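Hello,

Here is the structure I promised to hand over. Please have a look at it first, then read my notes below.

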Amino acid sequence: MTESESPRVTRPTMVVLGVQHGTPPYRLVEVAGELVGKAHSVLDIIGIARQLGFEDIDLDDPDVVRWVGGDKFTWTPWWPRHPPKSEPRA
């Protein structure tokens with residue numbers, strides 16, 4: 001089997017999880033399977049990366065950053081948040 005026939009199994013340096021409801025909405029960031037921060041924008045991702053020693057991180061490289069539930073431009077939840085239904089009065 002050649003390298004081109006085998007699937008890519010590298011693990012990205014950072015994983016940016018899906019948008020969470022909040023004021024403002026945010027995304028959680030993991031490195032090596034550990035939660036390392038909360039980001040409200042792509043600038044926060046860059047700041048977290050710099051704090052961890054990644055100076056020139058390529059946010060478009062899937063071997064470096066995996067975006068879950070959107071890409072670097074997704075910062076609002078796509079699903080509507082429904083308030084809990086109030087119980088009917090007796």
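A residue is called buried here if its relative accessible area is under 20%, exposed if over 50%, and partly exposed in between. By that rule, buried residues make up 24% of the 90 residues in the protein chain. Please keep in mind that this is a predicted model.

Overall layout

The protein chain has one helix and four strands. Along the sequence they follow the pattern β-β-β-α-β. The protein chain exposes about 7000 Å², and carbon and sulfur atoms supply 53% of that area. Take the contacts between residues at least 6 apart in sequence: 47% of them join residues at least 24 apart.

The strands

Start with β1. Five of its seven residues are buried, so β1 is mostly covered. Strand β1 pairs with β2 in the antiparallel sense, over five bridges. The two form a hairpin, with five residues between them. Strand β1 also pairs with β4: these two run parallel and are joined by three bridges. Within that pairing, Val 15 has Arg 66 in β4 as its bridge partner.

Now look at Val 31, which lies in strand β2. Which residue stands opposite Val 31? It is Met 14. Is Val 31 buried or exposed? Val 31 counts as buried, because its relative accessibility is 15%. Setting aside neighbours within four places in sequence, Val 31 is in contact with Thr 13, Met 14, Val 36 and Leu 52.

The helix

Helix α1 covers residues 42-51, and Ile 45, Ile 48 and Ala 49 are buried in it. Why do these three sit on the same side of α1? They cover an arc of only 100° around the axis, and therefore share that side. What covers the buried residues of α1? The cover includes β1 (14-20), β2 (26-31), β3 and β4 (65-67). Just after α1 comes Gly 53, with a positive phi of about 95°.

The surface

There is a nonpolar patch on the surface, formed by Val 36, Leu 52 and Phe 54. Together these residues have about 210 Å² of accessible area. Val 36 is found in strand β3, residues 34-39. Val 36 counts as partly exposed, because its relative accessibility is 35%.

The salt bridge

How many salt bridges does a search of the whole structure find? It finds one. Asp 60 forms a salt bridge with Lys 72, and the closest N and O atoms are 3.0 Å apart. The pair links distant parts of the chain, twelve residues apart. Asp 60 is in the loop between α1 and β4, while Lys 72 is in the segment after β4. Asp 60 counts as exposed, because its relative accessibility is 55%.

Where to begin

I would open the model at Val 31 in β2, then go to Met 14 opposite. After that, turn to α1 and its buried residues, Ile 45, Ile 48 and Ala 49. Finish with the salt bridge between Asp 60 and Lys 72.

Best wishes

Note on methods. Residues are numbered from 1 along each chain as its sequence is written. This is a predicted model: local features need pLDDT of at least 70, side-chain atom pairs count only at pLDDT 80 or more; totals for chains, interfaces and linings use all residues. Side-chain values use heavy atoms; hydrogens and water are left out. Patches are made of residues with over 30% relative accessible area and no salt bridge: like charges are joined within 9 Å, nonpolar side chains (Val, Leu, Ile, Met, Phe, Trp, Tyr) within 5 Å. Accessible areas come from the Shrake-Rupley method with a 1.4 Å probe; for residues, only the protein chains shown count as cover. A salt bridge is a side-chain nitrogen of Lys or Arg within 4 Å of a carboxyl oxygen of Asp or Glu. Buried means under 20% relative accessible area, exposed over 50%, partly exposed in between (1.4 Å probe, protein chains only). The arc is that of the directions from the helix axis to the C-beta atoms. Contact means heavy atoms within 4.5 Å. Two strands pair if DSSP finds at least two bridges between them.
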